[in-house]
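User: I am new to this structure and would like to go through how its parts pack. Please show it first.

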Amino acid sequence: MTTQAAAQPPGGVEPRPAAPTAEAFERVQQSTEFAELRRSHRSFAFPLTVAFIAWYLLYVLLSNYAGDFMGTKLFGNINVALVLGLAQFATTFLIAWLYSRHAATALDPKAAAIKARMEAGE
């Protein structure tokens with residue numbers, strides 16, 4: 001059985017492209033494509049961050065100042081505080097999933113295009 005391996009350059013190490021210069025990074029930062037990437041990230045991340053912090057602070061404030069409400073039994077030994085506390089975890093995982101989906105569909109393709117242009121020296 002024979003296999004064909006890809007030809008290796010001398011020394012067995014492929015040459016790396018030259019690193020972009022500081023001027024190249026500055027040009028990319030000033031581009032409309034990079035501004036769109038930043039806007040897409042911020043328009044998703046900032047509102048969700050603010051909403052989650054508000055939701056968390058509501059839970060903390062209710063725990064501190066609405067003890068009777070939080071202690072209300074829903075069924076068996078399960079009370080409102082436990083349900084809202086577990087909902088904090090569920091919300092965290094939901095936001096992480098939503099962000100990963102947003103990054104894969106909206107952010108990663110734009111970032112890959114910018115990276116490819118920089119590596120090509122454009």
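User: Which helices do the buried residues of H2 pack against?

Analyst: This is a predicted model, in which local features need pLDDT of at least 70, side-chain atom pairs count only at pLDDT 80 or more, and totals for chains, interfaces and linings use all residues. Residues are numbered from 1 along each chain as its sequence is written, and side-chain values use heavy atoms, with hydrogens and water left out. Helices are DSSP runs (H or I, at least four residues), numbered from the N terminus. Buried means under 20% relative accessible area with a 1.4 Å probe, protein chains only, and contact means heavy atoms within 4.5 Å. The buried residues of H2 are Leu37, Ser40, Phe44, Ala45 and Tyr59; they pack against helix H3 (67-70) and H4.

User: Is Ser40 buried or exposed?

Analyst: Ser40 is part of helix H2, residues 32-65. Beyond residues up to four places away in sequence, Ser40 touches His102, Ala106, Leu107 and Lys110. Its relative accessibility is 6%, so Ser40 counts as buried.

Conventions:
Helices (H or I, at least four residues) and strands (E, at least two) are DSSP runs, numbered from the N terminus. Buried means under 20% relative accessible area, exposed over 50%, partly exposed in between (1.4 Å probe, protein chains only).
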